[in-house]
Amino acid sequence: MGLTILLSVFAITMLSGIPIAFCLAIAAFCAAMIEGLPELIVFQRMVSGMSGFTLLAIPFFVFAGELMMRGGIAMRLVRFAETLVGQVRGGLGVVNVLSSMLFGGISGSAVADTSALGSVMIPMMREQGYDDDYSVNVTVTSSIAGIMIPPSHNMILYALAAGGGVSISSLFLAGIVPGIMMCLILTLATYWIAVRRHYPSQKFPGWQAVFFAAVYALPGLMTAVVIIGGVLSGIFTVTESAAIGAIWALLVTICVYRSLTWQAFLQSVTQAIRTTALVMILVGAATAFAYFLALYQVPDMILGAMTAISDNKYFVLLMINVALLVLGMFMDMAALILICTPIFLPVVREFGMDPVQFGMVLMMNLGLGLTTPPVGACLFVGCAVAKVRIESVLKTIWPFYLAIFLALLLTTYVPAISLTLPRLFE
Amino acid sequence: AELRGWNTHVPDYPVSVAMDKFGELVAQRTEGRVKPKTYHSAQLGEQDDAIEQMQFGGLDFAVFNLVPLNNLVPATQATTLPYAFKSIDHMHRVMDGNVGEVIGKHMEDVNMVALAWYDSGARSFYANKPLKSLADLKGLKIRVQNSDVNVAMVEALGGNATPIPFGEVFTSIQSGVVDGAENNWPSYESTGHFEVARHYLLDQHTIVPEVFAINKTTWDKLSGDDQKIVRQAAIESATLQRKLWAEREAKSEKIVRDAGNTIVELEDKSDFIAAMKPVYDKFATNAVVSDILKQIQAVK
Amino acid sequence: MPFARLEESMHWKLFDRLASMVIVLGGLSLIILISIMGYQVWGRYVLNDTPTWAESLALLLILLVSLPIAAIGLRENFHLGLDFLTELLPRRIQIALRVINTFVLLTFGLAMTWHSLSLVSGTWNRNIPLIGVPQGFKYLPLVFCGILIVLFMIERLAGMWSHGVLIGEDISDEGN
Ligand code: NA
Ligand code: NA
């Protein structure tokens, strides 16, 4: 009864257009009333969910991303990628993917990746005669690299939701290979379509230009070294690394590039707190919602159902992936990580999957969800930056979805892709 | 009635097994009138949240460590002060006697009835540098829990208290963010900390009991007979928990010793105890606390 | 989002000022947060004296950044939601749904304020370790969030009322 109320209130409020974070909290509130529990538990769970020390990394990553976008780091990364791979057919598409990989190494989120690189790359590609649908397709799907390649605040959320048994350093290390693999497959799709549409290529600017572009990009790329190096060496905690990374990005844009205006700084701060609030309220509400899922023993139910349907590991993993893809179409990543991890992690563990590898599957799968309708933050941002209609983008995005899906299958069924690197460092 | 129980540990932990045993005994002996169900692994929230939920009536029973109860029930502070108990057996004798009853009375003020006392072992210091005496602690960066008493204790012993989230302690020791930490045998072993901090100084600074508590409103609703059954089951579960805990400790100790770590047993802790004067001056000022401390010392 | 744009044109001046105050407060909190973390690293490696209060204080500040700004998010419509389905419905039903949703959120805001106040008062007698302020401070941002939600939803209802939405007239040509 209580579970029915929880789920149906959530579904009804969501379908009627109330923001998801509030749907989760309202559903939890109704469940508390039905159960005769003190309703204030819902609000206590919200605050408690938002009070994890490692969550503090989120505003820092977001702020650093905003600074890099407005302060010129993103632009210099794109230039560097352009001198490197601009000369292949459809060069700017490939440049776009490579920039996402580089930017992914300093930003923790796919949305930041889309907005930062989209605002630099999409106008650039338009000027060179690329169609907007293609530019948005590439920008949006390659932004998943921001989640896969460390640092990644979504991996922090996953480590939290997994109950402390998974170390953030292992997750960060594990993301590198699947992230690069995904980008390579995506590059193939990008190239293939560029050839079919006869997109241009650039002239190779010479090694000297490559060298100078690299030098210009280096201080920005050092942000990655500061954040990831800090976490992996253990010199800083994750949260401290994120804060130091933000301070570094601030210093680079002010002192080295000298390209940060006071207004851009203020915009970075106010936009960062908005994004932080959006993510954090989702995290809090999802925690309240998950409390009731635990109370109704939903994880046990799912585990029982899954093992009853099939004892074939490959089939169960496929089912989980399909379930996550469907959920990812409708809900935001942060909330889904917190709700789905306690539900699916016991199942995949039962089938012998390493929690670190499952983390990678979850990241890529839900990352794909960010680029799909009807709810896809990256898709929305990408279309908004390019000022094109979502429908026109969706008509031609299929090859890119297929590329990510292929990478997802490889990540799901080949553990070595995720686990080799973290085991090497153990 | 269905009773909802909270527990922070994973299902096969001594506390968890004992709480499940409690549920079984009660359901059986009340012939299903009272059915306790424990949610393990902090599924219903972290310890601080669970304490609040207990006060507000969201939980029926739980096993809490006394440290997070310090600010809420000052009487519990006496049991969490450094070197308050002489040994684990001493702690059991104290808590099963009058002191346990007195603290239980104070807990009723915050809507909890104490039914029995569990064991959480004795915490001692470990570090990645030789650790043989008080002098070795000087200047060491020691990870502590988020507690005022623990910070004051480490500083009084000459160390540099560093609060770090529990999950990050391993890499922090490995990379030198901190030089060491403090915990009991099972945690020292199961977290792998013994592999990066190979010197363990058995000063047993804190031996903190855990309380098996039931929500007072829930308790008052039970009939007199059921209350007797519930209390008896809690006490039996505590006996089981202490036995399982001791086994678990012995197992962990063997693993650590077999790994070749340096284990130093302290013959004489008087210099450690003497160094605690500022801590006691600061935290044992409350009349209730100092009275309970006297009673603890009086128990042989 | 036709309603959202329409509603923004009906915002009250006083609440504009209130919202910008909240944004300034959140921005300052973010900057202080970053400074605290920087100082913590500095303290540990340079001063060899880790500030033990830094972590607990930072956890309070993140709530002050997130919760009131989340309420602003309802006013600015920046939260993620599923509106593709409602947009398929006839205009009249869309309007009715929007009104109902606003009432639901208003009620939720009231509940949030009320229950968070009990959380604040119920935990006031207990201090947060290492910074020595009452545990209730944790729940104060939740109270602010609740109050702001209530105010902004009243503002939205008033806006709808003034355009005749609540008495069944169609609002304007905008968005059709
Ligand atoms: Na990243
Ligand atoms: Na989606």
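Chain C and chain B meet through 20 residues of chain C and 20 residues of chain B, where contact means heavy atoms within 4.5 Å. The model is predicted: local features need pLDDT of at least 70, side-chain atom pairs count only at pLDDT 80 or more, and totals for chains, interfaces and linings use all residues. Residues are numbered from 1 along each chain as its sequence is written.

**Interface of chain C and chain B**

- The two chains bury about 1700 Å² between them, 47% of it on carbon and sulfur atoms; buried area is the accessible area (1.4 Å probe) lost on being put together, summed over both parts.
- On the side of chain C, the most area is lost to chain B by Glu55(C), Arg126(C) and Leu130(C), together 35% of what that side buries.
- The rule finds one salt bridge across this interface, that is, a side-chain nitrogen of Lys or Arg within 4 Å of a carboxyl oxygen of Asp or Glu.
- A salt bridge joins the side chains of Glu52(B) and Lys138(C), at 3.9 Å from N to O.

**Sheet of chain B**

- Five strands form an open sheet with mixed pairing, in the order S2-S1-S3-S10-S4; strands are DSSP runs (E, at least two residues), and two of them pair if DSSP finds at least two bridges between them.
- Strands S2 (35-39) and S4 (112-118) of chain B each have a single partner strand, so one side of each is left without a neighbour in the sheet.
- S4(B) pairs with S10 (residues 210-215) of chain B in the antiparallel sense over six bridges.
- Val113(B) stands opposite Ile214(B) in S10(B).

Definitions and conventions. Chains lettered and ligands numbered in written order. Heavy atoms only, no water. Helix = DSSP H or I, 4+ residues; strand = E, 2+ residues; numbered from the N terminus.
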